[in-house]
Amino acid sequence: MARFVAVRIAQAAAIVFLVATLTFVLIHLAPGSPFMAGGEGLVVPPEIVEQQERNFGLDQPLPVQYLRYLSNVVRGDFGYSFAAHRPVREAFLERVPNTLLLAGAALIVMFLVGTLVGALQSARPASKTDDVLSLVTLGLYSTPVFWLGLMLLLVFGESLQWFPVGGTHDAVVYPYLTALGKVGNRLHHLVLPAVALGLVGAAVTARYQRAAMLEVIRQDFMRTAKAKGLTERIVLFRHALRNALLPTVTLFGLAFPVLLSGAVLVESVFAWPGLGRLAVDAVHQRDYAVVTGAAIVTAVMVVLGSLLADLLYRVVDPRTREAA
Amino acid sequence: MKTLSTMLRLSAGTLLVTLAGCEPAGTCSGDWCGTVVVSAAAEADVLLPPASRQDVGIAIGDLLFLKLADVGPDLRTVGNAAFVPQLAESWEFTDPLTLVLTLRSDARWHDGTPVTASDVTFTFDVYRDTLMAARERQRLDRIVSMAARDDRTVVVRYSRAYAEQFFDAVYHMRIIPRHVLDSVPRDRLAGHAFGRQPIGNGPFRFVQWRTGESIELEADSTFFLGRPGLRRIVWRFSADMNTALTQLLADEADVINFLGGPDNVRRVEEADHLSVREYPSSVYFYVAFNFRDPSDPSRPHPLFADREVRRAVTLAVDRPTVLQAVLGGRGYVPPGPMSPALWIWDDERPRVPFDSAEARRILARRGWMDSDGDGTLDRGGEPLAFELLVTTSSAPRRQAAQIIQEQLRRIGISVRITELEFNTFLSQAANRQFDAVFGAYGGEISPASVGEVWSTAARETFNYGQYSNPTVDRLIRNAMNATDVQSAEGLWDQAITAIVEDAPAIWMFTPTTAAGVHRRFDGVSLRPDQWAATLWSWRVPPDRYHERDRFAR
């Protein structure tokens with residue numbers, strides 16, 4: 001087990017190094033300076049642009065900038081945000097928890113809804129319920145996450161006004177709420193973005209779960225459970241679902257990168273102050289340090305998520321440990 | 001569905017009131033108890049005016065930090081008679097090169113410290129410091145020094161006399177506190193904690209910045225220029241206009257200062273609780289011709305070095321139609337390189353007309369004929385074709401480019417549109433790699449901005465097309481150096497006429513900015529140069545309080 005973890009960590013370090021290098025090269029190859037643009041019609045005089053480039057060391061040759069950047073990253077220093085005038089690490093410390101909260105909530109939606117729908121479909125295969133749910137999951141599976149987010153925003157935010165349309169909490173009333181009120185306010189704001197991000201994944205989970213359940217239902221022990229006179233609900237949820245969950249666990253490792261990339265879009269649609277939105281803004285502003293830092297942090301989260309999924313799988317399925 | 005919706009909204013409301021524990025209504029009385037929520041499509045960068053470059057940061061800075069004096073309602077930048085006192089209560093030119101400003105005795109920083117002449121001289125040093133790279137630094141070039149004679153007196157010395165002497169001394173700088181920032185090394189000033197937790201001297205004091213979400217300001221009820229009409233301002237940040245607009249339409253915000261395209265304006269007009277407020281923009285859009293060959297800048301451009309070709313192209317573009325199609329008619333076709341925010345703007349000034357027949361005749365005289373019958377004019381085997389550079393970040397420019405392409409096609413000119421991401425677009429324009437570029441310039445209320453794009457000196461900066469006319473240069477220089485308003489006005493008039501005759505660009509449109517504002521506010525006014533600067537005079541009459549007006553510290 002220790003050797004397995006060590007190998008995976010070495011692989012992870014190599015991936016993160018590659019991501020850091022590629023992102024650095026790509027963002028610096030893009031034409032234009034981070035200091036050129038203000039807003040529509042607001043352009044910055046070239047001498048001010050040049051001065052800013054000198055201030056931030058962007059007048060140095062690219063290899064010099066790269067070596068300095070790498071040595072800083074190794075020491076945990078992601079540099080300085082040109083746009084926000086602050087260390088990138090400070091911005092990340094504020095943003096990463098929001099992204100993890102959103103991704104975590106979406107993960108719950110994804111597995112809870114997906115597993116239940118898959119189980120429901122497999123209980124009555126080829127029934128009308130199964131057909132309708134298959135259609136719905138296929139539709140959701142094909143839906144771009146940002147479009148789904150926009151639709152949820154327009155219907156449940158703007159038109160029905162059941163849910164707030166953006167942010168992690170209501171900036172106007174939040175300071176005046178009780179502790180319980182603050183939790184409620186945050187949960188209320190979390191619902192739409194989490195559903196938008198988790199629902200597409202739930203469709204994938206449901207399709208996996210349905211297939212796994214149908215596989216398990218054909219097994220002999222299921223026949224035995226039914227022959228013992230257990231109710232259908234107990235047979236389905238205690239015996240079939242428990243065994244059919246194993247393949248779904250593998251989805252966890254796949255889901256995390258998908259959720260993080262989806263979070264980039266959902267965070268923008270719902271004004272959610274996470275790492276993804278920060279990265280999108282930084283790309284527009286050519287905020288080099290934030291872009292490269294966000295890529296590194298995301299890569300670390302993805303490889304850690306994958307590692308966690310592998311370890312989880314080895315815990316729940318003893319056969320993988322024996323094979324290793 | 002309607003019943004379900006009502007039940008859910010009622011239960012959510014009940015839950016909110018139960019959990020809220022908010023300040024009971026009635027603790028604030030009068031018509032200064034309102035809260036305004038501004039929905040912005042981007043976050044502020046930093047709340048330190050010399051370092052701030054984003055619109056939102058600048059707008060919030062305008063409520064936290066005052067200038068020495070401000071332009072009057074007519075935005076006239078010449079002379080000093082029409083200016084409105086802010087931190088300076090009076091001023092006097094003791095000789096043509098010396099200005100003496102007297103500060104108010106009751107001006108205070110939000111930590112209670114008096115605002116003194118030493119703050120003003122410190123601010124001048126910061127703005128002039130190359131390490132700060134303040135946008136306004138060049139505006140202060142002709143000021144030799146600012147010195148404190150005593151706590152309330154500032155002496156400004158100029159290198160020479162000119163029309164906007166007073167404007168330059170009082171308008172560009174937002175005064176920042178020496179007692180807080182003096183010990184901070186200049187190279188660390190922009191990143192200092194002050195920029196995220198500022199102490200100002202304006203009508204509102206800083207309360208809180210929740211990164212990525214909001215900034216909250218509260219009124220300084222003892223503000224020395226009068227109690228602000230609002231109790232609280234909350235800026236909410238979104239990643240884009242769609243979400244910002246949805247917040248406004250869903251009644252979660254009160255103001256968007258710039259709605260963008262006609263579709264957004266229509267959606268706001270259709271909302272019962274909102275009104276559309278129009279105000280002039282300080283930005284004008286233009287299509288500039290490149291005078292040099294982009295493949296070899298030592299040679300003149302094969303098409304646009306010829307003034308008659310430039311004139312013909314200008315005549316062939318139906319700008320009122322473009323304005324109607326792109327902005328729904330909300331705006332103006334400018335008579336030259338200017339916006340209505342400039343005091344030299346004149347509605348009656350003649351515009352280059354749309355005259356495609358005359359354009360055809362001019363081109364025929366220059367030898368451009370459709371000799372092969374392919375619909376495109378040609379001369380010596382070369383088609384009359386050019387590339388128009390446009391940025392993808394600007395919907396009005398992209399739409400207008402399509403219409404221009406079609407209008408020019410009708411007279412036999414082929415236009416190839418190249419759309420580029422904004423930074424790439426700026427880089428390519430700055431490198432002169434284009435035949436024609438769809439530019440925009442603004443944010444200025446001084447006619448000096450004309451010279452910043454259309455003078456020979458500007459060829460190193462924003463004069464992307466490399467236009468040069470010594471007569472225009474002289475007229476601009478004389479207009480800027482004129483010491484009386486009438487002379488300045490006449491010289492600017494001559495300069496604009498000379499530029500338009502040269503046709504270095506097609507002055508496409510200058511939009512009327514449309515803001516979406518909640519109907520409960522009184523006293524709403526928006527300025528083209530600093531839309532938020534007058535926000536402190538907005539009010540909510542008590543009989544129009546919204547739920548969010550009742551929450552306050």
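Predicted model: local features only at pLDDT ≥ 70, side-chain atom pairs only at ≥ 80, totals over all residues.
Two strands pair if DSSP finds at least two bridges between them.

**A sheet in chain B**

B:Glu92 stands opposite B:Val100, a residue of strand 5 of chain B. Strand 4 of chain B and strand 5 (residues 98-103) of chain B run antiparallel, and six bridges join them. Both strands belong to an open sheet of four strands in chain B, ordered 4-5-7-6 with antiparallel pairing. Its edges are strand 4 (88-95) and strand 6 (143-150) of chain B, each of which pairs on one side only. On average, neighbouring strands of this sheet are turned by 20 degrees against each other, direction ignored. Helix 3 (residues 117-128) of chain B packs on the sheet. This helix touches strand 5, strand 6 and strand 7 (153-158) of chain B. Its direction makes about 160 degrees with that of strand 6 of chain B. In a regular strand, side chains alternate between the two faces of the sheet.

| Partner of strand 22 of chain B | Sense | Bridges |
|---|---|---|
| Strand 11 (residues 255-256) of chain B | antiparallel | two bridges |
| Strand 12 (residues 274-280) of chain B | antiparallel | seven bridges |
| Strand 13 (residues 284-289) of chain B | antiparallel | four bridges |
| Strand 16 (residues 331-332) of chain B | antiparallel | two bridges |

Individual bridges place these strands along strand 22 of chain B. B:Val517 is the bridge partner of B:Val255. B:Val517 is also the bridge partner of B:Ser275. B:Thr510 takes it for B:Tyr332.

The segment after strand 22 (505-518) of chain B holds B:Pro542. B:Pro542 has 13 other C-beta atoms within 10 Å, so it is partly exposed. B:Pro542 lies 7.8 Å from B:Ser29, C-alpha to C-alpha, although 513 residues separate them in sequence.

**Chain A overall**

Chain A has 12 helices and two strands. Along the sequence, its pattern reads α-α-α-β-β-α-α-α-α-α-α-α-α-α. The C-alpha atoms of chain A fill a box of roughly 85 × 55 × 40 Å along the principal axes. Of the 324 residues in chain A, 41% are buried. Among contacts in chain A with a separation of 6 or more, 73% join residues 24 or more positions apart.

**Helix 9 of chain A and its neighbours**

Helix 8 (residues 220-227) of chain A and helix 9 of chain A have axes that come within 11 Å and cross at roughly 150 degrees. The two helices are therefore roughly antiparallel to each other. Helix 8 of chain A passes helix 9 of chain A in a right-handed crossing. From helix 8 of chain A, the contact uses A:Phe221, A:Met222, A:Ala225 and A:Lys226. From helix 9 of chain A, A:Val235, A:His239 and A:Ala240 meet them. By class, this contact has five nonpolar, one polar and one charged residues.

Helix 10 of chain A meets helix 9 of chain A at another angle: their axes come within 7 Å and cross at roughly 85 degrees. Helix 9 of chain A and helix 10 of chain A are therefore roughly perpendicular to each other. Helix 9 of chain A contributes A:Ala263, A:Val264, A:Glu267 and A:Ser268 to the contact. Helix 10 of chain A contributes A:Gly276, A:Arg277, A:Ala279 and A:Val280. The classes here are four nonpolar, two polar and two charged residues.

Helix 10 of chain A is mostly covered, with eight of its 11 residues buried. Among the buried residues are A:Leu275, A:Leu278, A:Asp281 and A:Gln285. A:Arg286 follows helix 10 of chain A and has a positive phi, near 55 degrees.

**Where the chains touch**

Contacts between the chains involve 54 residues of chain A and 59 residues of chain B. Elements giving two or more residues to the chain A side include helix 2 (46-55), helix 9 (232-269) and helix 10 (275-285) of chain A. Helix 2 of chain A gives the most to that side, with five residues. By class, the side of chain A that touches chain B has 29 nonpolar, 17 polar and eight charged residues.

Notes. Residues numbered from 1 in each chain as written. Chains lettered and ligands numbered in written order. Contact = placed C-beta atoms within 7 Å. Nonpolar A, V, L, I, M, F, W, Y, C, P; charged D, E, K, R; others polar. Axes fitted to C-alpha atoms, helices over the stretch in contact; angles between N-to-C directions. Parallel < 35°, antiparallel > 145°, perpendicular 65-115°, else oblique. Left-handed = near helix turned anticlockwise from the far one by under 90°. Buried ≥ 20, exposed ≤ 12 C-beta atoms within 10 Å, placed from the backbone.
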